[in-house]
Amino acid sequence: MTDIDRAAEAIRAGELVVYPTETVYGLGADALDADAVERAIAAKGRPRSNPMSLGVPDVETAAEYVDPTERERAFMREFLPGPVTVVCERRESVPDVLTAGKDRVGVRVPDHELALELLEAVAPTPITATSANVSGRASVLRSEDLDDEIREDAAVVLDGGETAGTESTVVDVSAGTIHRRGAMADEIEAWLDEH
């Protein structure tokens, strides 16, 4: 059994998995399983008022969990996969605990081979796309730097070497707002101005 198989099995069993992305290491759980999302929140010591994003292998799969506008679809086609989190209207299957009760959710399609392999292995189920660190501590760029609390709570750690380290840019395309500037923020801003 490969590491990806073990990680996919763990996610299907409601457990936590650490996986690399093109930005930082992420903490993955079944994003549709409220109990699994609760475990991710607890592992991070994250405030419940803080929504989490969901990760999927491609834009087509994203459309099963969000209802993107034409402008959001155009943006996704341009920037995904990539270091961008796109905030869209969520569908009913997305649990309140993931979005902190909000009606929108961030969508991430990471541009990283291991992350995409994991997402394809569990597809169409989305996984949580949140950094694999205890809230308030630095994001993790190498698996050996994981916080002990995260390492203990994760069933599987996928090691993809060192990541780039710049957080994804979080963008609400319909509002034309960048919530968090990260990788490619200037290109994203230019796209928002032009479209």
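1. R108 sits in strand β5, which spans residues 104-108; the model is a predicted one. With a relative accessible area of 6%, R108 is buried. A polar atom of its side chain lies 2.9 Å from the backbone oxygen of G82. Beyond neighbours within four places in sequence, R108 is in contact with residues including T21, E22, T23, L54, G55 and V56. G82, P83, V84, T85, A129 and S168 are also among its contacts.

2. The structure holds 15 salt bridges. In one of them, the side chains of R104 and E89 meet at 3.6 Å, N to O. R104 belongs to strand β5 and E89 to strand β4 (residues 84-89), so this pair ties together parts that are 15 residues apart in sequence. E89 is partly exposed, at a relative accessible area of 32%.

3. R104 also forms a salt bridge with D172, at 3.2 Å from N to O. Because D172 lies in strand β8 (residues 169-172) and R104 in strand β5, the link ties together parts that are 68 residues apart in sequence. D172 is buried, with a relative accessible area of 9%.

4. E149 and R137 form a salt bridge, with their closest N and O atoms 3.0 Å apart. E149 is in helix α7 (residues 148-153), while R137 is in the loop between β6 (127-131) and α7, so the pair ties together parts that are 12 residues apart in sequence. Both residues are partly exposed: E149 has a relative accessible area of 33%, and R137 has a relative accessibility of 40%.

5. On shared partners: salt bridges join E72, E89, R104 and D172 into one network.

Conventions
Residues numbered from 1 in each chain as written. Predicted model: local features only at pLDDT ≥ 70, side-chain atom pairs only at ≥ 80, totals over all residues. Heavy atoms only, no water. Helix = DSSP H or I, 4+ residues; strand = E, 2+ residues; numbered from the N terminus. Buried < 20%, exposed > 50% of the residue type's maximum accessible area, 1.4 Å probe, protein only. Polar contact = N/O pair within 3.5 Å; in protein donor to acceptor, adjacent residues only side chain to side chain. Contact = heavy atoms within 4.5 Å. Salt bridge = Lys/Arg side-chain N within 4 Å of Asp/Glu carboxyl O.
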